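Hello,

Here is the structure I said I would pass on.

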Amino acid sequence: MALAAAKFALSEKGLGVEIYKADVVIVGGGGAGLRAAIAVAESDPSLKIALVSKVYPMRSHTVAAEGGAAGVKREDDSLDYHFHDTVGGGDWLCEQDVVEYFVEQAPIELTRLEHWGCPWTRTADGHVNVRPFGGMKIMRTWFAADKSGFHILHTLFQTSIKYPSIKRFDEYFCIDLLEEDGRCQGVVAIEMGTGEFTMIEGKTVILATGGAGRVFRESTLGGIVTGDGMALAFRHGVALRDMEFMQYHPTCMPITGLLFTEACRGEGGYLVNKDGYRFLQDYGLGPLQDKPKNKYMELGPRDRLSQAFWHEQQKGRTIEHPVFGSVVHLDLRHLGEAYLRERLPLIYEMAETFMGIDPAKEPIPVRPGIHYTMGGVKVDGKCETSLSGLYAIGECASVGIHGANRLGSNSLTELVVFGKLAGDEAAKKAQSLPPGNSPSLLKQAQEAEQRVLALKTKTGGTERMSTLRKEMVKSMEDGCGIYRLEETMQKTCDKLGELRERFKNINLDDKTSVWNTDWLYAIELDYQLDVAQSMAHSAISRKESRGAHQRLDGAYTERDDVNYLKHSEAYYVPGSAPRIGYGDVKITKSPPAARAYGAAGEKADQERNASHV
Amino acid sequence: MSEQKIIEIEVLRYLPESDQAPHSEVYKVPFTDDMSVLQGVQYIKDNFDGSLTFRWSCRMAICGSCGMMINGIPKLSCETFIRDYYPQRISVEALAHFPIEKDLVVDLSGFIEKLEAIQPYIIPKEPRTVEEGEYIQTPAQFAEYIQYTSCINCVLCYAACPHTALSPDFIGPGAMALLHRYNMDSRDGGKAQRMELAASEDGVYNCSAVGYCSEVCPKKVDPGNAVNINKINAGMDYFLRFLSPKGGAK
Amino acid sequence: MSKRRPYVRSMDGWWKKNPYYVEYMVHEGTALFVIAYTLVLTVGVVRLGQGEAAWNGWLEAMQSPLSIIFHLVLLAAIAYHAFTWFKLFPLTTPPLVLQGKKVEPCAIVRAGWTAGVVAALALLVIVWGIAA
């Protein structure tokens, strides 16, 4: 049977490095990586796929996504609406041709997930249901209660088991890419359970390693969200694009940062300040609505809501909680226990377990927390980077659909739309390429091995890793928060430079091989410092305010389309801060306009439609 | 901030490159009332001993990484709070019934093989193209399987089930719940294939209805129920095959 | 060479390690008392078949103080077995959905008890009726 032929054979042994030969290597086993693996397997079952992940795939952070995935579903909706919501939501920093492809493919890929068993919540007549989400004109968010990411991830993981050509390297930690003849030809990874090195050759490589939000302190993110793939590509000369745009989610649990999904508001929840006042009406999102109205009030975009929180805090209108600090209230009481248990069971459970609050009886204290990395590895509309044969998808990539602010529920869809596309593209390319030059690749792998081993074996260091990490996350929060100032951003840039130096003097407690997480966390911290630098330096260079990048200083408080309707591009400079350049933004059918929500947004929509007629 | 208190956390440690067998170490950890046992263990790693090893990620009881025996009971350490034990000492140990790789990390490869063995994917009853849209699934059909989709693969149920250690090939509660999940899905037609495994030597009859698996399940999947229902199903299949040429399974 | 050395913990005395397991073992153990009582009854049936004298001898033996104490112990053990057996009901029966809602485990246990008690009473009435 052909299946047996597709199984891997353990090939020759290098010097301390195991070698596997694959056709397509995928780094990252979250939603995007799994979708890409399935796409490769379906497009050509004879291709050998290596799926490398530092955690078992179902632990990947896709699992924590709650609200849902956007795709046009209703009769009264259109691809054009989804397009305009996305481009406007991204403050016109989107690649519009890519967004067009994205909205077109969204319903197709979400339907495919349904065929694979994803338990989307249904209407009474058995069809897939949709819910409203922030910044979306029409309801189009497909959801599986408030565990949409969990169900998507498990559906994809379990479906991937069907394909014998997908060979998983679970709990393998990727430390470098292999580059030869101007092409990416594989990766080097540590088998975490043994501490030994494996070289995985591939004619094409897809990065699907997720975001980098863990460089901030208070975040919704899992410990694994450390920007590994971004740093890997960055160090090989690929640009990190739009890294200054970090999304603050407006409704997070104080201190831990755990997420209360936007669906809380989609289902009708209110945000109120210490006076019980729905303060969003003061920030261009009104007038007040009784029922959830798309693009009004609580259904505004995340950047605007998080910024409104900041202003409320400045005005002294937030609630000062003895433990949680400054918070506002997410009020779900009027929705009733039965409805909350049906639509938001995880939220209910989290409020009870983590905060001792019954959301049907008490409002939930919330504040903004870091949630999503809009920027990432720069790729073209086919997901390929400037390094031939290297692709990037999902949160680690910047394919251009999120611009300066992602709309909630676009990123889960991104995983499957671009996972599929990258899988198909990487498969096609792999079919046409000869096998790599193994001895030369092995030499590179051994160099990487020596470099990474040195981090563990060296002695005499004095810096404690957790100290450096704490200083990094604090500094990022201070300098690159919801609102930014030249001076504090400069401090952050300086601090990161200092931490880069101090990292060289790090000392590890654990020098062993088996399951040495002390060592792996140090490699992650090394990645994080690179990515944090790209963020801080991109931020200080963007002298305007757009989407999630808002400045309070001088002349930079407004959007400046003349000088900054451009993508920032951070390039790695060994031993120094990154170099920041700029690239054009692809505009097809939506010229930049004022970004308005609430009644003002509706008026702007009407005017635009009138001018098109 | 609430005042700082100190909790004693006793960790069963095992360093395979130097220890012959696991040994206990006690750490004194300052904590606040919002801190989970996971955060306590993280505090030890950050401040006392970087070699302490455990899996974790999401911190919100959905990724399934951070299961540990906490005072002898399998729990997700991220949603277990130090305040509920204070001032008593907390003991933390790797999940029972699995081999310990290092400290709190266990070998999950056996579980993963079982998960792969149960064919955890839709084997379509009536294949459908994307152009035809989604399958229609009534609320009643949905209710048949949805509970069993909630499994986060945290394997607490395996740490609760003595049979998974006494008969290591037993498919076990979590994987059986998943098997049942696909069998009950109206889109699926693969029940007969999966029941072969459920009824086999490694299948449901290894279970003696201890019931602790369902007790410890953090997501109320009730895996023990899935196992026991399939004892009935497997039994029916066995007898019905004498009556019908096609066998009992649909 | 891999430095992995997975440590497998012993399962000796596993059932003593957790109160839940102890309860399970007691539950399983009390099943022996159910068997013991069926033996007692079986002996009775055999003695009945052997004639009136044998039957009266058996009846007499049943009335000895030792036998009564033995029966009290049996009753206690079987009652405990029944109690824990009903408790397992929700684990072993397919989920019941009534009017679109899953029936709560405690309701299933209650229904089990009710059915058990009704059956026992019915049996008593029937036996009473035959005897009368």
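A residue is called buried here if 20 or more other C-beta atoms lie within 10 Å of its own, exposed if 12 or fewer, and partly exposed in between. Keep in mind throughout that this is a predicted model.

Helix α13 of chain A

By that count, the buried residues of α13(A) are Met465(A), Leu468(A), Arg469(A), Met472(A), Ser475(A), Met476(A) and Gly479(A). Why do they line one face of the helix? Seen down the axis of α13(A), the buried residues fall within an arc of 135°, so they sit along one face. What do the buried residues of α13(A) pack against? Their partners are β21 (483–484), α14 (486–503) and α15 (517–541) of chain A. The helix itself covers residues 465–479, which is 15 residues. From its first C-alpha to its last it reaches 21 Å, close to the 21 Å expected at 1.5 Å a residue.

Chain B against chain A

In the contact between these two chains, 46 residues of chain B meet 47 residues of chain A. On the chain B side, the elements that give two or more residues are α1 (37–47), β6 (100–102), α2 (109–117) and α3 (139–145). Sorted by class, this side of chain B has 20 nonpolar, 13 polar and 13 charged residues.

The contact between them takes 14 residues from domain 1 of chain B and 12 residues from domain 2 of chain B. On the domain 1 side, β3 (67–70) and β4 (73–76) of chain B each supply at least two residues. The largest share of that side, four residues, comes from β4(B). That side of domain 1 of chain B divides into nine nonpolar, three polar and two charged residues.

Ser167(B) is in the loop between α5 (163–166) and α6 (173–183) of chain B. Between Ser167(B) and Val92(B) there are 25 Å in space, C-alpha to C-alpha, and the two are 75 residues apart in sequence.

Chain C

Chain C has five helices and two strands, and along the sequence they follow the pattern α-α-α-α-β-β-α. The radius of gyration of chain C is 22 Å, well over the 14 Å that the globule rule gives for 132 residues, so chain C is more spread out than a compact globule. Along the principal axes, the C-alpha atoms of chain C fill a box of roughly 80 × 45 × 25 Å. Buried residues make up 3% of the 132 residues in chain C. Of the contacts in chain C with a separation of 6 or more, 46% are between residues 24 or more positions apart. The domain assignment gives domain 1 (13–87) and domain 2 (94–132) of chain C, and 23 Å separate their centres, taken over C-alpha atoms.

Regards

Conventions
Residues numbered from 1 in each chain as written. Chains lettered and ligands numbered in written order. Predicted model: local features only at pLDDT ≥ 70, side-chain atom pairs only at ≥ 80, totals over all residues. Expected span 1.5 Å × (residues − 1). Arc of directions from axis to C-beta. Contact = placed C-beta atoms within 7 Å. Domains from an automatic or database assignment. Nonpolar A, V, L, I, M, F, W, Y, C, P; charged D, E, K, R; others polar. Rg over C-alpha atoms; globule rule 2.2 N^0.38 Å.
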